Amino acid sequence: MTRWLVTGSAGMLGQDLVAVLDQAGHEVTPAPRSALDVTDLPACRVAVRGHDVVVNAAAWTAVDDAETGEAQAFAVNATGAANVARACAEAGAQLVQVSTDYVFAGDARSPYDESAAQAPRSAYGRTKAAGEWAVTALCPRSWVVRTAWLYGSGGPNFVSTMARLAAERETLEVVDDQRGQPTWTVDVARAVERLVTGSAPYGAYHATSAGETTWYGLAREVFAGLGLDPDRVRPTTTAAFPRPARRPAYSVLGHEAWQRAGLAPLRDWRPALAEALPSMVPSR
Ligand SMILES: NC(=O)c1ccc[n+]([C@@H]2O[C@H](COP(=O)([O-])OP(=O)(O)OC[C@H]3O[C@@H](n4cnc5c(N)ncnc54)[C@H](OP(=O)(O)O)[C@@H]3O)[C@@H](O)[C@H]2O)c1
């Protein structure tokens, strides 16, 4: 039986990774931050020992705070990833490093393929790109799995925020000039399991839903899925909502590596959202 370790296991993705791997019959050790701080190399070495596969879902994910706290973000997203990678290489474990669309510039007009040039435009993106580089350099038996626009029942996210605001406000303005692929954490967790058990070649993969939309399009779909009038959502622009960290305007990722590996990529974002919504709004 494959023995898995999930770092950052109390996070939004980490929780679903543990649940999905457990349901698939794997032996899983959850390592929340309280049990394993990835900035501590000796602790990483102890935690990784005895495991065949490690999924590093630990990260500094406060994108705006990273603009003024890049050193702290770097400590987790780059040095922490390097520590986990070093520990995996020493223990002979395989590593799945979870990464992000923010490693790309976000100004393309067609989907970024897995080998597209990285040009992060935010502090968070720079630290995650450094983490990818460290993992690939230190642990050759590794996969970098980039995901984006995540939502899940285990943490705050855009979908749960829209569901909450729908109950509080009559109308909502949502940006309509950023494109991406809304992705359910459960689908990412299942994809990670497929990747590893399918013995896919090591390298970069994009674990985002098929299809694409804007935040406005996603908000409308959330309203419709909750049986509410989607016209209560109004389109606006990024310029109207300035944030400390620059957001990618175009974050659509291609999925060719899945096909080359003979594995199924993720499904379209709409049926995934329809399946996820009941678990995102538990009171309904
Ligand atoms: N959310 C998205 O839309 C999105 C998009 C693209 C990629 N990703 C990537 O997906 C992965 C999972 O993100 P998520 O959305 O699940 O974020 P999350 O909910 O913030 O989970 C990250 C987890 O890492 C933990 N952590 C922080 N510093 C740590 C440390 N030094 N040692 C160990 N654990 C630490 C956090 O603990 P505390 O809460 O206690 O700090 C948290 O439980 C990350 O690699 C992220 O970059 C996310």
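Okay, housekeeping. Residues are numbered from 1 along each chain as its sequence is written, and side-chain values use heavy atoms, without hydrogens or water. As the model is predicted, local features need pLDDT of at least 70 and side-chain atom pairs count only at pLDDT 80 or more, while totals for chains, interfaces and linings use all residues.

Let's start with the ligand. How many residues surround the ligand? There are 24, and the closest are Leu 13, Arg 33, Thr 61, Tyr 124 and Lys 128.

On its own, the ligand has 890 Å² of accessible area, and the protein covers 80% of that; the areas come from the Shrake-Rupley method with a 1.4 Å probe.

Which elements give two or more residues to that shell? Helix H1 (12-23), strand E4 (94-100) and helix H4 (123-138) do, and E4 gives the most, with three. By the way, helices (H or I, at least four residues) and strands (E, at least two) are DSSP runs, numbered from the N terminus.

Next, helix H9, residues 269-280. Trp 269, Ala 272, Leu 273, Ala 276, Leu 277 and Met 280 are buried there. Buried means under 20% relative accessible area, exposed means over 50%, and partly exposed is in between (1.4 Å probe, protein chains only). Seen down the axis, the buried residues of H9 fall within an arc of 140°, so they line one face. That arc is taken from the directions from the helix axis to the C-beta atoms. On the other side of H9, Ala 274 and Pro 278 are exposed.

What do the buried residues of H9 pack against? Their partners include helix H5 (158-168), helix H6 (185-197) and strand E11 (213-214).

And E11 is where we find Thr 213. Thr 213 is buried, at 9% relative accessible area. Beyond its neighbours within four places in sequence, Thr 213 has contacts (heavy atoms within 4.5 Å) with residues including Trp 149, Leu 218 and, back on H9, Trp 269.

Note on methods. A residue is near a molecule or strand if one of its heavy atoms lies within 4 Å of it.
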